[in-house]
Amino acid sequence: MDKLTAQQVEQLRGKVFGAVATLKQDGTPQTSIVWLDTDGENVIFNTRHERAKAKHLRRDPRVTVAVFDPASVYDYFEVEGTAELVEEGADEHIHELARKYTGKDFHTPSGRVLVRIRPRRVF
């Protein structure tokens, strides 16, 4: 198991974005751009239950996220790991993310799920 560095944790607490790759049932990848967060050990994003990425992760929790700063897209790191889907606190968390990225509450704050990625490999 790899760990996030202090610099990577600091980046995740800022306005970076993630390109999340999950696996469709046939094994092909599906990618989405997401807002990111961290608890200091894991990469966290927030989605709705019915989104493709949530459905894919319930079936197969393997996930990769490329984390990049929009001001410098070549300054990135990638995290491979296993996702855990958590409902508790997800509706409140989307407001925190929205305020971080847009300065206001999120427009559809219900039916949310937190995706917590435990790093297996960071590069």
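Modeller: Happy to! Let us start with charge: the protein carries 19 positive and 19 negative charges, and their mean positions lie 4 Å apart. Please keep in mind that this is a predicted model.

Now for the overall layout. The protein has three helices and seven strands, and from the N terminus the order of these elements is α-β-β-β-β-α-β-β-α-β. The radius of gyration is 14 Å, close to the 14 Å that the globule rule gives for 123 residues, so the protein is as compact as a globular protein of that length. Along the principal axes, the C-alpha atoms fill a box of roughly 40 × 30 × 20 Å. Of the 123 residues, 43% count as buried. The protein exposes about 7000 Å², with carbon and sulfur atoms supplying 48% of that area.

The part to zoom in on is Val16, which you can find in the loop between helix H1 (6-12) and strand E1. Is Val16 buried or exposed? Val16 is buried, because its relative accessible area is 5%, and the cut-off for buried is under 20%.

Which residues surround it? Leaving aside neighbours within four places in sequence, Val16 is in contact with Gln11, Leu36, Val67, Phe68, Asp69, Pro70 and Tyr101. Take Tyr101 from that list: Val16 and Tyr101 are 85 residues apart in sequence, yet their C-alpha atoms are 9.0 Å apart in space.

Strand E5 covers residues 62-69, and Phe68 stands opposite Tyr76 in E6. E5 and strand E6 (residues 72-86) run antiparallel and are joined by eight bridges. These two strands form a hairpin, with two residues between them.

E5 also pairs with strand E1 (residues 17-23), again in the antiparallel sense, over five bridges. One place to look for this pairing is Ala21, whose bridge partner in E5 is Thr64.

To put the picture together: Val16 sits in the loop between H1 and E1, E1 pairs with E5, and E5 is joined to E6.

Definitions and conventions. Residues are numbered from 1 along each chain as its sequence is written. This is a predicted model: local features need pLDDT of at least 70, side-chain atom pairs count only at pLDDT 80 or more; totals for chains, interfaces and linings use all residues. Side-chain values use heavy atoms; hydrogens and water are left out. Helices (H or I, at least four residues) and strands (E, at least two) are DSSP runs, numbered from the N terminus. The radius of gyration is taken over C-alpha atoms; the globule rule is 2.2 Å times the number of residues to the power 0.38. Buried means under 20% relative accessible area, exposed over 50%, partly exposed in between (1.4 Å probe, protein chains only). Accessible areas come from the Shrake-Rupley method with a 1.4 Å probe; for residues, only the protein chains shown count as cover. Lys and Arg count as positive and Asp and Glu as negative; His and the chain ends are not counted. The place of a charge is taken as NZ of Lys, CZ of Arg, CG of Asp or CD of Glu. Two strands pair if DSSP finds at least two bridges between them. Contact means heavy atoms within 4.5 Å.
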